[in-house]
Structures are given as C-alpha cells and as structure tokens.
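Subject: Structure for your files

Hello,

Here is the structure I said I would pass on.

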Amino acid sequence: ARLATLAAAEAALAQGGRPAMLAALIAAAQARHAETREDALGVARLHALAGDRAQALAWIGRARALGEPHAFMLEGWPELRPLVHEPGFAAQLASDSAGSAPSRPLLPAPVPSR
C-alpha cells in the first residue's frame, strides 16, 4: 500500500509538481486515517508541508482530541514548528481541543545512567 501511495505521489509530482504530490499524499493519508491506519498528526504534518495552515490546525486539534501523544509535542516536528509561533495559534488550539490536553507536557523517557 505504501509503495502504491509513493508511486501515485511520484506520478503527481511529474504531472503537477510539489502541490500535486502533496495533494496525493494528503488524500492517501486521510483515507488511511479513515481506516484507522494513519494518525491524525501525520495528516496534519502533510497539510503543514503543503502550506495549508487551517487544515494543519484542524488535524492537530483532531490528534489532540484523539489523545495522540505526539500531538502535544509540536516543537519536535520541523514542519509544524512554525505554526506554534504564529500569533493566536495557541489560543486557537486551546479552543479546538479544550479539555484534551494533559495537565503538563509529556516528558521524555529517562535515560539510564552509566
């Protein structure tokens, strides 16, 4: 399935450039999400790469509502990092995912000392 998605994305790239490629990848990711085979944050990341900030925000809200743990660590995703620093982004996220955020940020697993 992933190879077929990549082949479709490659064909879209050849025909319509980066926007067409990202549209193909987004369509495939959204279809996988509907089948519970793709997390919402993955779809949000593709929308962010495509420059669709509104859809990226909507999918981040969905990821948070679904309790996807990485949806609370947006700074770790280079394509999402610029969204975090936009004016009003935090307030919009808070209203989209009211009550679904953990009381504190998730911490990385402890590293054993030597």
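Predicted model: local features only at pLDDT ≥ 70, side-chain atom pairs only at ≥ 80, totals over all residues.

Helix H2 covers residues 40–49 and packs against helix H3, residues 53–65. The angle between the two is about 165°, and their axes lie 8 Å apart. Since angles over 145 degrees count as roughly antiparallel, H2 and H3 are therefore roughly antiparallel to each other. Their crossing is left-handed.

On the H2 side, the contact is made by Ala40, Leu41, Val43, Ala44, His47 and Ala48. Their counterparts in H3 are Gln55, Ala56, Trp59, Ile60, Arg62 and Ala63. Sorted by class, the residues in this contact are 9 nonpolar, 2 polar and 1 charged.

H2 is largely enclosed by the rest of the structure, because 8 of its 10 residues are buried. These are Ala40, Leu41, Gly42, Val43, Ala44, Leu46, His47 and Ala48. The cover over them includes helix H1 (2–34), H3 and helix H4 (81–84). Just after H2, Gly51 has a positive phi of about 85°.

The largest nonpolar core contains 21 residues. Leu41, Leu46, Ile60, Leu74, Leu80, Leu83 and Phe89 have the most contacts inside it. H1, H2 and H3 each supply at least two residues of this core, and H2 gives the most, with 6 residues.

Regards

Note on methods. Residues numbered from 1 in each chain as written. Heavy atoms only, no water. Axes fitted to C-alpha atoms, helices over the stretch in contact; angles between N-to-C directions. Helix = DSSP H or I, 4+ residues; strand = E, 2+ residues; numbered from the N terminus. Parallel < 35°, antiparallel > 145°, perpendicular 65-115°, else oblique. Left-handed = near helix turned anticlockwise from the far one by under 90°. Contact = heavy atoms within 4.5 Å. Nonpolar A, V, L, I, M, F, W, Y, C, P; charged D, E, K, R; others polar. Buried < 20%, exposed > 50% of the residue type's maximum accessible area, 1.4 Å probe, protein only. Core = buried A, V, L, I, M, F, W, Y, C linked by side-chain atoms within 4.5 Å.
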